[in-house]
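Open the model in your viewer and keep the selection tool at hand. The stops below go from one selection to the next.

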Amino acid sequence: MNSVITCALPLRLVISDECSLPVPAELRYATADPYAVHADFHTGAEEPVTWVFAREVLADGLHRPAGTADVQVWPFHSVGQKVVCISLESEEGRALLHAPARSLDAFLKRTDAAVPPGTEHLHLNLDQELSALLADG
């Protein structure tokens, strides 16, 4: 059975050391896609901007720098609070977001309860994934 875990996450878009803007986001984790966390960023546009992260990168980023190239995540202290910095880069530009570490950690613990780390492969339907892959080709 596929279950979905969601979390509303109040992010801050860092403009400068003195200025940031709120960016509401929603994280989604589906046991049918056990390696990924989908994030919808509500930027004021009609449709949210969606990024897909490796769950492991977000979890590692709570404690140490993680990720490469277009997605990097690391712990940080901002105004006396623990945050997780999320740096995103695309053809449109670069964004630095601050996520509340406590909220992100709570969300990831819920995903770990649904699919413990290291057991993701047990939740994949390889026949379905292979059929989808072949249908795209």
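This is a predicted model: local features need pLDDT of at least 70, side-chain atom pairs count only at pLDDT 80 or more; totals for chains, interfaces and linings use all residues.

Residues are numbered from 1 along each chain as its sequence is written, and side-chain values use heavy atoms, with hydrogens and water left out.

**Helix α2**

Select 101–114, which is α2; helices (H or I, at least four residues) and strands (E, at least two) are DSSP runs numbered from the N terminus. Its 14 residues reach 20 Å from first to last C-alpha, close to the 20 Å expected at 1.5 Å a residue (the expected span being 1.5 Å times one less than the number of residues). Now colour Ala101, Leu104, Phe107, Leu108 and Thr111, the buried residues of α2; buried means under 20% relative accessible area, exposed over 50%, and partly exposed in between, with a 1.4 Å probe and protein chains only. Seen down the axis of α2, these buried residues fall within an arc of 135°, so they line one face of the helix; the arc is taken from the directions from the helix axis to the C-beta atoms. They pack against β1, β2, β3, α1, β7 and β8, where contact means heavy atoms within 4.5 Å. On the face turned away, find the exposed Arg102, Lys109 and Ala113.

**The cavity**

On a 1 Å grid over the protein atoms alone, a cavity is a set of points where a 1.4 Å probe fits but cannot get out, while a pocket is an open set with protein on both sides within 12 Å along at least five of seven lines; lining residues have an atom within 4 Å of a point. Grid points are joined across faces, edges and corners, and a volume is the space filled by probe spheres set on the points.

Select its lining: Leu9, Leu11, Leu27, Ala39, Phe41, Phe53, Leu58, Ile86 and Leu104. β1 (4–14) and β3 (36–41) each give two or more of these residues.

**The largest pocket**

The largest pocket holds about 520 Å³. Of its 24 lining residues, select Arg12, Ser78, Val79, Val83 and His98, the closest to its centre.

**Arg94**

Finish at Arg94, in strand β8. Is Arg94 buried or exposed? Arg94 is exposed, at 63% relative accessible area. Show Ser87, Leu88 and Glu89, which Arg94 touches, leaving aside residues up to four places away in sequence.
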